[in-house]
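Reader: I have a few questions about how the terms are applied here. Please show me the model and take them in turn.

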Amino acid sequence: MAEVHAEMVANVWKVVVAEGDTVEEGDTLVILESMKMEIPVLAEDDGVVSQLKVAEGDVVQEGDLIAVIA
Amino acid sequence: MLNETLGTVLIANRGEIARRIIRTVKRLGLRAVAVHSEADADLPFVTEADEAVLLGPANPAQSYLDVDKVLEAARATGARAIHPGYGFLAENAAFARAVMDAGLVWIGPAPEAIERMGDKINARNLMERAGVPVAAGTREPVTDLEQARARAEEIGYPVMVKTAGGGGGIGMSVAHDDEGLAKAFEQAARAAARFASGDVLDGPAVLLERYIERARHVEVQILGLPDGTVLALGERDCSVQRRHQKVVEESPSPGVTPELRERMLAAAVKAGEAVGYLGAGTVECLVDADKQDFVFLEMNTRLQVEHPVTELVTGLDLVELQLRVAAGENPEVRPEVRGHAIEFRVYAEDPKRFFPGPGAITVWEEPSGDGVRVDSGYAAGTTVTPFYDPLMAKLCVYGQSRTEALELGRKAVEAFRVEGPKNNLPFCAELLGNAEFVSGEYDTGLVGRMRAK
């Protein structure tokens, strides 16, 4: 099981995956936007998105849980 | 004349550039009005203005980009002129028109000039007609991938893919092959749809251009006067970039011979004349340092972030010149470049990967002394929020020679203390120790090579 956390304060611009989706390492899970920059959050392992903790329009803080890949 | 025509100037911007404009406005005996969002209420530019107006929430669409609110603030404070700074509404022709329609003085070029230069395809075609060299590329907007593939084959890989409108490196990437093109096209089309200003283009439009490997990004500062004269005020080398965005700029460019400089400055004047340019603008070029040749990239119809390096080597105040020109004056300007200036953009971002790092500022100590200029937007106790771009300050140094400027830069970077948000001062220090940068023989790939190690 791998937890994916936010690395910075950002707005959640786009959620690319849904809970239950199968992802591979390097796949984009969500796209954050901070300071006029788009930052894709990538899966670091292969697996299934078991939890997705953010929705489009949310503001995440550094360290916030974004998703869990099981 | 200045006082009668302008009187009170509203600055439709934030942070360091608002503060910079306020400084000159007040020095000239004019009144300065700041407008700000809720997120920026504590920043120095708000308190330094003679009067400040809250526009709305942090979201730029509901504050800095809300034309009605900005015009209402001007009316309520008796402002007679609006300076847009850079970014936000600075290159929005519809806003410039709205300002003029409201009977106010627009401190910038004519809306028609903004329009002509805002669309990069249009601008390039116009430049070609004016006799300014341009890179091989698309003559018409590309709107689907198949078209893009066909054009890329004609131009030849690698190609630079970018949005026809927009700016600031958003949606720009280099495609080396067909596969890369699909990815780059999708990215640019998405950025075009999201960030295009809307008043220039009707839909996502993408531009393809031949990509010059190991090119330098060199731009010429121009100034258009009411009598039709266009002056070139030297060049700036902006090749130190990450994510296609500038980090360090210097003037003069160490990669340009006197002969090439003369040709570039003459072409920039021609470009300005072709659009009937008024005020401060910049003609951006790509330079092939090996061949000592250049092509037109785009024109920025505003004051630029990096204007201080030109001010340091020419001794001019570009904001003052903008104000005088907008008031109808024909200031006597003798463009003469002396010494060497370097600007380091201090960003709230991590120094390794350059990811944004907003946060509350606990320590803020700026360097000072002879040859050191800091244009900053923040202070200790203020917060860098995620809503706007990551520029916190510009650290500029000036010396009689490039060697002297580099030495001053090392001391000043070391003396600049920022705690709280992540910042790229360690990157600036790293750059000042990099042999390629120090030699002056660098290109736009420098930062990529530093990070690939």
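Author: This is a predicted model. Start with B:Glu235. Beyond its neighbours within four places in sequence, B:Glu235 is in contact with B:Val218, B:Glu219, B:Val220, B:Glu250, B:Ser251, B:Pro252, B:Ser253, B:Arg261 and B:Leu265. B:Glu235 sits in strand β10 (residues 230-242) of chain B.

Reader: Why does B:Glu235 count as buried?

Author: Its relative accessibility is 4%. Buried means under 20%. So B:Glu235 counts as buried.

Reader: What makes the pairing of B:Glu235 with the side chain of B:Arg261 a polar contact?

Author: The distance between the two side chains is 2.9 Å. The cut-off is within 3.5 Å, for a pair of N or O atoms that can donate and accept a hydrogen. The pair therefore qualifies as a polar contact. The B:Glu235 side chain also reaches the backbone nitrogen of B:Ser253, at 2.9 Å.

Reader: Now the two chains. Why is A:Glu62 with B:Lys422 called a salt bridge?

Author: Their closest N and O atoms are 3.8 Å apart. The limit for a salt bridge is within 4 Å. So the pair passes. Between chain B and chain A the count is three salt bridges.

Reader: What residues make up the side of chain B that touches chain A?

Author: They divide into 11 nonpolar, two polar and six charged. The contact takes 19 residues from chain B and 13 residues from chain A.

Reader: How much area do chain B and chain A bury between them?

Author: About 1500 Å², with 61% of it on carbon and sulfur atoms.

Conventions. Residues are numbered from 1 along each chain as its sequence is written. Chains are lettered from A and ligands numbered from 1 in the order in which they are written. This is a predicted model: local features need pLDDT of at least 70, side-chain atom pairs count only at pLDDT 80 or more; totals for chains, interfaces and linings use all residues. Side-chain values use heavy atoms; hydrogens and water are left out. Contact means heavy atoms within 4.5 Å. Buried area is the accessible area (1.4 Å probe) that two parts lose on being put together, summed over both. A salt bridge is a side-chain nitrogen of Lys or Arg within 4 Å of a carboxyl oxygen of Asp or Glu. Ala, Val, Leu, Ile, Met, Phe, Trp, Tyr, Cys and Pro count as nonpolar, Asp, Glu, Lys and Arg as charged, and the others, Gly among them, as polar. Helices (H or I, at least four residues) and strands (E, at least two) are DSSP runs, numbered from the N terminus. Buried means under 20% relative accessible area, exposed over 50%, partly exposed in between (1.4 Å probe, protein chains only).
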